[in-house]
Amino acid sequence: MRTQRQARAVRLGPRSLAALALVSAVGVAGFGWPFLAPPTSRLSAHAQDAPWLFAGLLVLLVAVVAAAISESGLGPKAVAMLGVLAATGAALRPIGAGTAGIEPMFFLMVLSGRVLGPGFGFVLGSVTMFASALLTGGVGPWLPFQMLAMGWFAMGAGLLPGPDRLRGRAELALLAAYGFLAAFAYGTIMNLAGWPFMSALASNVAFDPHAPVATNLARFLAYCLATSLGWDLGRAVVTVVLTLTLGPAVLRALRRATRRAAFETPVTFDTSPDRPGSEAPHMTRVTYEAGP
């Protein structure tokens, strides 16, 4: 039996990949500078420079989204699907606000990235976090990092193996395992965004710009264990439970919508007359060729 290749609403081309690589490099530097810069550097000055770094990162994120959309030739159906999923994710996020990691939007990002591909996943993750921030009033210097981290999170789901062949329980197990690990990774990455700037609050686990990397790594692990482990565990468990229970229905709905949207189906125009030798005006017929 022939396996039908899964359509991709957004395919990353050369310009999109280059912009994504640049944004990711800046993001890695922005997240990991406490472990990348030597202890002798004047890192305390970064606290004043951080807003500019965040603003620059946000501009690059917007550029990646724009490049991905323009280069892929994103049609109105894909734009509509992006809007619906982003709005749904933004509406789901406040449900568990302030409640030990109950964040149902993460499982939707995993499943959407899986079905619609890494390009769509990155765009969806970034747009969803931006829309969520506008909805909840969570706009701040942390927003660009949230957009980038969620873009990575959803894009990673699109890069998982077997998108065209793996189905059923095996696929659900793969997505649940990815969601569990990625939920912890997201929380850990976001901890890096705030940890270097809280020295006045908790000196025992705060970043010390004059300490060696090993010491700061131990401090950071202690900070994660003390502040976010319970939240990250709750997020991971909720993502697994929702993936295993609601995953089959959501995956079917997303794949059905993708097939009906026919993102990658070539369109041809036939302008020949209906009858040979007919004097009637030419009628234009639009036909959709079957995909691979």
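## Accessibility and valine 241

A residue counts as buried under 20% relative accessible area and as exposed over 50%, with partly exposed in between. In this predicted model, valine 241 has a relative accessibility of 43%, and therefore counts as partly exposed. The place of valine 241 is in helix 8.

Two elements each give two or more residues to the patch, namely helix 6, covering residues 169-194, and helix 8, covering residues 229-261. Of the contributions to the nonpolar patch, that of helix 8 is the most, at three residues.

Helix 4 comprises residues 105-136, and whereas a straight helix of 32 residues would span 46 Å at 1.5 Å a residue, the end C-alpha atoms of helix 4 are separated by only 14 Å. Within helix 4 there is a kink of about 140°, which lies at glycine 117, shortly before proline 118.

## Aromatic pairs

When the whole structure is searched, seven aromatic pairs are found. A cluster is formed by Phe106, Phe153, Tyr178 and Tyr186, which are linked to one another through ring pairs. In general, a pair of aromatic rings is described by the distance of the centres and the angle of the planes.

Note on methods. Residues are numbered from 1 along each chain as its sequence is written. This is a predicted model: local features need pLDDT of at least 70, side-chain atom pairs count only at pLDDT 80 or more; totals for chains, interfaces and linings use all residues. Side-chain values use heavy atoms; hydrogens and water are left out. Helices (H or I, at least four residues) and strands (E, at least two) are DSSP runs, numbered from the N terminus. The expected span of a helix is 1.5 Å times one less than its number of residues. The bend at a residue is the angle between axes fitted to the seven residues ending there and the seven starting there. Buried means under 20% relative accessible area, exposed over 50%, partly exposed in between (1.4 Å probe, protein chains only). Rings of Phe, Tyr and Trp (its six-membered ring) pair if their centres lie within 6.5 Å; planes under 30 degrees apart count as stacked, over 60 as edge-to-face and the rest as tilted.
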